[in-house]
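Me: I would like to go through a structure feature by feature. Please give the general idea each time, then the case at hand.

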Number of protein chains: 4
Amino acid sequence: MSLHHQTMAAVTPDGVTVKGLDLVRDLVGSVSFTDMLHLEIAAELPTEGARTALDAVLVALTEHGMTATALAARLTHLGAPGALQGAVAAGLLGAGDHFLGALDGAARLLQEWPADAEPGAHAEQLVARARAERTRLPGLGHPVHTDGDPRTARLFAVADRAGLDGTARDRFLLLQRYAEQATGRRLPVNVDGAAAVLLTGIGIPWQVCRGIALVARSAGLVGHLWDEYRSPAAQAMLDAADAAAPYTAPAASAEVSA
Amino acid sequence: MSLHHQTMAAVTPDGVTVKGLDLVRDLVGSVSFTDMLHLEIAAELPTEGARTALDAVLVALTEHGMTATALAARLTHLGAPGALQGAVAAGLLGAGDHFLGALDGAARLLQEWPADAEPGAHAEQLVARARAERTRLPGLGHPVHTDGDPRTARLFAVADRAGLDGTARDRFLLLQRYAEQATGRRLPVNVDGAAAVLLTGIGIPWQVCRGIALVARSAGLVGHLWDEYRSPAAQAMLDAADAAAPYTAPAASAEVSA
Amino acid sequence: MSLHHQTMAAVTPDGVTVKGLDLVRDLVGSVSFTDMLHLEIAAELPTEGARTALDAVLVALTEHGMTATALAARLTHLGAPGALQGAVAAGLLGAGDHFLGALDGAARLLQEWPADAEPGAHAEQLVARARAERTRLPGLGHPVHTDGDPRTARLFAVADRAGLDGTARDRFLLLQRYAEQATGRRLPVNVDGAAAVLLTGIGIPWQVCRGIALVARSAGLVGHLWDEYRSPAAQAMLDAADAAAPYTAPAASAEVSA
Amino acid sequence: MSLHHQTMAAVTPDGVTVKGLDLVRDLVGSVSFTDMLHLEIAAELPTEGARTALDAVLVALTEHGMTATALAARLTHLGAPGALQGAVAAGLLGAGDHFLGALDGAARLLQEWPADAEPGAHAEQLVARARAERTRLPGLGHPVHTDGDPRTARLFAVADRAGLDGTARDRFLLLQRYAEQATGRRLPVNVDGAAAVLLTGIGIPWQVCRGIALVARSAGLVGHLWDEYRSPAAQAMLDAADAAAPYTAPAASAEVSA
């Protein structure tokens, strides 16, 4: 994948050019939206294998039920129903260090892996450093899917089918093995880790991997907001959340959300 | 209040000038933050009465417990604890048509009230139009404070003490009377309506009244986020909200947030 | 397209179900991201024709050069480079009434078009009402592409190829004809209008059409932000914008951005 | 300042209680908005000295001309004029690591300063570590105000007048001296550093110092947006910025923003 700089887009009365391709003649009706996203980042259309891998990552990251970010988007819609862009933006703002941030971290770790290092020694060193600094290795472990995130095996199978080079996966599995040995705990590769392996495999820079997740989540948030339009649920969820808030209310007063 | 256009701010190596005043010599250490907010909008410092009224409105709008926007901010912090600005922004995004938007609407109604109209006739006409269009009159009614929002009486008392002209209040109370007559229901002036009366009284344009509320809420959101830092509550509230979501889960499966 | 309500998603230790389909077995590696977006909104996978049309709309809306929203995202990145989600969110927040909002408006107009009305009479009435209220008809006219938005013809050709029913297009072209007659000006169907025709043709509700545009723009914004990473341009653009600000600076002082 | 946890707020049909105080009886019309902000964070009203210092910091951070965040807010308003909350939120999102983030960093450095360390030795060590890690010491240096940020001297004078303990300032000035010795460059304490000294002096935790800045900036952003309402400038600034974008447009085509 060539990442040389190009004109983002040139707009004239006659047309629009994106990364050197004519929007109307070359893109609209000719390529998929996934191709277009690849073009925006990589300045070229994806190979068939890269498209398959990118589609699989996007699909895997779109929807995960009533997450914190989906609820934040719905609550925002409750107060500002006329500004859908605000509700989607509010939902995206929760995609940070603790949610989806592991995707960047895992991809960075893979993309900065020294080519000439003995893989086992480097993995061991990464584990040792994380333990010394008491930080988590990104992309490993999951609070719910403790026996292995079901999305991971699927994403790895897609990577094989797409013909991706296996280096990134081998390194990440090595890291997992050393981490499990050092901690004595099961630390399955989670969906962030698997997505990092695939995105690294198709050449997406780690700095922008979170961006891929944001595009995926934006689709999921739009789904939640359309659901909220038809079946308003946010107020009931707010009431339940408020009742669960660990506040010590003054005696003889009921707390209400208003 | 003069609303003539002035230089917003000029920055030079020697200093900063805001609306014609020198930031260091005239403002920092000399005026309150409320004065500064007034200067930003009105291009002049407030009179003592205007400062009193503006402070009262800001204080009244800062905090209202676990609102939808406070919860949205806390949920955003859960995923992105390193970007406080994102959590505050997410909280502000819910201040739209249904939440605080009535402030703009009520202020507009007051500021576009024709000076030469017979007050009762105009109020009657506004009520009739709202009923014909099946819309609510902004600033009237409250789901919880049905016997009268306690903040309203207080804000009106402050307005008296601050020496504000009573025209805006008289008109709004007239509107309330006609609305209650027409609907046969109690429709107390709520905090949005009272704030609109005071802000109109000190000359804040209706287009920017929501902005006053946003400044007030930003302080409340920072309070909630610092509370969340010390006593994390968002995850428990998310779990409670998720359990209350009206989804029909497939048989034999527990829904969890993850 | 059936829009019946379904479980958004159920998450269990064994897997994730989205709109009744198993994420791992049925979706990841099996469908495209465009299919997944369709599933999120319509609760079913698209037909081949619907996928083609949805892809074309998404591709057409992804990128349009240095728009206000692209610049807002880049400027946000300048101050907060560690929070990519904030820069994308800032960019999306400008997609409102004046930018992309016409998409909702045009789609609503088409989806609320009375089935039993004489088309010409209804179009004439819409034009008359817009002129009486001094509002613009959404989806018509463009400040740059005055001779016809090149994306429109392409989108209509894609709609034909995808086998979409032509009713929505015929109605919109009728509206255009009456609007041009009434104003005596060229009012080409712009990309928002064309997108509204296609989205209506595949059954996307008008309330969520802006959401489709937000997903598309999120991809474009990620492209701009990765461009900004490699070739920082925002500071130079800020300096140029600041120099163009119509402020009357005090004599003998240079205004600088700092 | 006691930072013990208290009920944020309890809302009942009879009233609202904030941090143990009755909103109507104790706060609205009785305290300033600055007091209310202090109450939200510290769970008690400020002393007169703390109020003076907090007001000075807020006023100093409200406005700094056409910054990146002010322009981002104006550009957002251009596309979504009906959602003021979105434009303010977009402006706040740029307050991150590079803009205002130094405030958190400088406050943290002061608040984690070991009480029993020899001040000079600790300052020397902080400078050495920053140089080894090639990072900047937060709160020192300014691109425009190279001879000393004029706001700093003023804030320090206000701190004296307010009777604040001088420990934090002494430590920061020591840090400055060692940093200037080590680099051979002038590194004046900038407004972020001075604000960190005052906020530390009144007991605001470093984790929430950015929050103080966000409240201040929200007022400045509302000022810019009201300015934009009356004197639209964003489109002209966008055109100037676009012309300055370092793109290589295809020959024979003018780039326009549209």
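Reply: Start with burial: of the 258 residues of chain A, 63% count as buried, where buried means under 20% relative accessible area, exposed over 50% and partly exposed in between, with a 1.4 Å probe and protein chains only. This is a predicted model, in which local features need pLDDT of at least 70 and side-chain atom pairs count only at pLDDT 80 or more, while totals for chains, interfaces and linings use all residues. Residues are numbered from 1 along each chain as its sequence is written, chains are lettered from A and ligands numbered from 1 in the order in which they are written, and side-chain values use heavy atoms, with hydrogens and water left out.

Me: How many helices and strands does chain A have?

Reply: Chain A has 12 helices and 3 strands. Both are DSSP runs numbered from the N terminus: helices are H or I with at least four residues, strands E with at least two. The C-alpha atoms of chain A fill a box of roughly 70 × 60 × 30 Å along the principal axes.

Me: Which way do the side chains of strand β1 of chain B point?

Reply: In a regular strand the side chains alternate between the two faces of the sheet. In β1(B), residues 9–12, A9(B) and V11(B) point one way, A10(B) and T12(B) the other, and all are buried.

Me: What joins β1(B) to strand β2 of chain B?

Reply: Strands of a sheet pair through backbone hydrogen bonds, either parallel or antiparallel. Here 4 bridges join β1(B) to β2(B), residues 15–18, and the two run antiparallel. Two strands pair if DSSP finds at least two bridges between them. A10(B) has T17(B) as its bridge partner in β2(B), and the two strands form a hairpin with 2 residues between them.

Me: In what order do the strands of the open sheet in chain C stand?

Reply: The order is β1-β2-β3, with antiparallel pairing. β1 (9–12) and β3 (21–22) of chain C are at the edges with a single partner strand each, so one side of each lacks a neighbour in the sheet. T12(C) has G15(C) as its bridge partner in β2(C).

Me: How much area do chain A and chain C bury between them?

Reply: The size of an interface is often given as the accessible area lost when the parts come together. Chain A and chain C bury about 6200 Å², 71% of it on carbon and sulfur atoms; the loss is summed over both parts, with a 1.4 Å probe. F33(A), Q85(A) and W226(A) supply 13% of the area that chain A buries against chain C, more than any other three residues. In contacts (heavy atoms within 4.5 Å), 77 residues of chain A meet 77 residues of chain C.

Notes: Buried area = accessible area lost by both parts, 1.4 Å probe.
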